Amino acid sequence: MPSDARDRPGPARAHPRPVPPGVPRDYAVTVPDSWARIPLRPGVREKAIGALVRRQLAGAPGVRAALRRHLTDLAEAAWQTGGIEFYLSLMRAGPLPVPASLLITLMPPPPSGPLPVETVAAEAKNRNRSARLVRSSAGTAVRTQASVTDVSFYFAVPGSGAWLLLAFSGPGGPLAPAMAELFDAIAATG
């Protein structure tokens with residue numbers, strides 16, 4: 001998942017939240033082709049949101065403007081809390097859209113120092129989330145879950161004390177188990 005910033009320039013390079021020198025600022029995650037990526041960095045997100053809204057709502061100018069404002073507000077709020085990028089599902093189940101999203105956030109190390117993976121899992125349990133350790137190509141991660149389709153993964157950023165958080169949200173009902181499997185598969189691509 002995380003890699004050293006010298007390998008590839010990362011989307012978080014201009015991130016306003018300070019992180020220590022040498023902290024990896026890049027990662028790789030693979031989502032289905034039917035998901036739209038919205039980078040959250042100011043100056044970039046506006047273009048991505050505009051293109052998405054135009055593509056999805058070609059003939060509805062009033063709705064386009066409202067959706068653009070809503071997505072821009074969401075993107076700004078996510079950026080202010082450490083968000084790097086946001087993905088929206090454009091999948092359909094027959095004629096119906098499948099509402100799902102992924103927010104990726106870089107969490108700097110706490111002032112008290114790096115947290116062990118077990119502490120991250122215990123803190124999730126204290127917030128009424130189930131938590132378990134999972135192995136991936138990026139190492140051991142913490143997988144937390146509040147409902148079938150409210151799933152998060154915490155990946156330690158090597159050598160930094162920082163964490164990369166992948167927070168998924170999706171629909172309940174009959175699609176929920178399949179969405180949870182999709183979220184696990186996406187998180188495992190790192």
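Author: Here is a quick walk through the chain as a whole, then a strand, then some rings. Keep in mind that this is a predicted model.

Reader: Ok, how many helices and strands are in the protein chain?

Author: The protein chain has four helices and eleven strands.

Reader: And what share of the residues is buried?

Author: Of its 190 residues, 44% count as buried. The accessible surface is about 9,600 Å², with 59% of that belonging to carbon and sulfur atoms.

Reader: What about contacts between residues 24 or more positions apart?

Author: They account for 54% of the contacts in the chain that have a separation of 6 or more.

Reader: Let's zoom in on β11. Mostly covered or mostly open?

Author: Mostly covered: β11 runs over residues 163-169, and five of its seven residues are buried.

Reader: Which strands pair with β11?

Author: Two to mention here. β7 (residues 101-107) pairs with β11 in the antiparallel sense, over seven bridges. β10 (residues 150-156) also pairs with β11 in the antiparallel sense, and that pairing has seven bridges too.

Reader: How many residues sit between β10 and β11 in the hairpin?

Author: Six, and G159 in that turn has a positive phi of about 70°.

Reader: Switching topic: how many aromatic pairs are there?

Author: Three. One of them is F153 with F155, a stacked pair at 6.4 Å centre to centre with 20° between the planes. F153 and F155 are both buried.

Reader: Why do F168 and F183 count as stacked?

Author: Their planes are at 20° and the ring centres are 4.7 Å apart, so the pair is stacked; the cut-off for stacking is under 30 degrees.

Reader: Where in the chain are F168 and F183?

Author: F168 is in strand β11 and F183 is in helix α4 (residues 176-187), so this pair links distant parts of the chain, 15 residues apart.

Reader: And why do F168 and F183 count as buried?

Author: Buried means under 20% relative accessible area. F168 has 2% relative accessibility, so F168 qualifies. F183 is at 0%, so F183 counts as buried as well.

Reader: Which residues do the ring pairs link into a cluster?

Author: F153, F155, F168 and F183.

Technical notes: Residues are numbered from 1 along each chain as its sequence is written. This is a predicted model: local features need pLDDT of at least 70, side-chain atom pairs count only at pLDDT 80 or more; totals for chains, interfaces and linings use all residues. Side-chain values use heavy atoms; hydrogens and water are left out. Buried means under 20% relative accessible area, exposed over 50%, partly exposed in between (1.4 Å probe, protein chains only). Helices (H or I, at least four residues) and strands (E, at least two) are DSSP runs, numbered from the N terminus. Two strands pair if DSSP finds at least two bridges between them. Contact means heavy atoms within 4.5 Å. Accessible areas come from the Shrake-Rupley method with a 1.4 Å probe; for residues, only the protein chains shown count as cover. Rings of Phe, Tyr and Trp (its six-membered ring) pair if their centres lie within 6.5 Å; planes under 30 degrees apart count as stacked, over 60 as edge-to-face and the rest as tilted.
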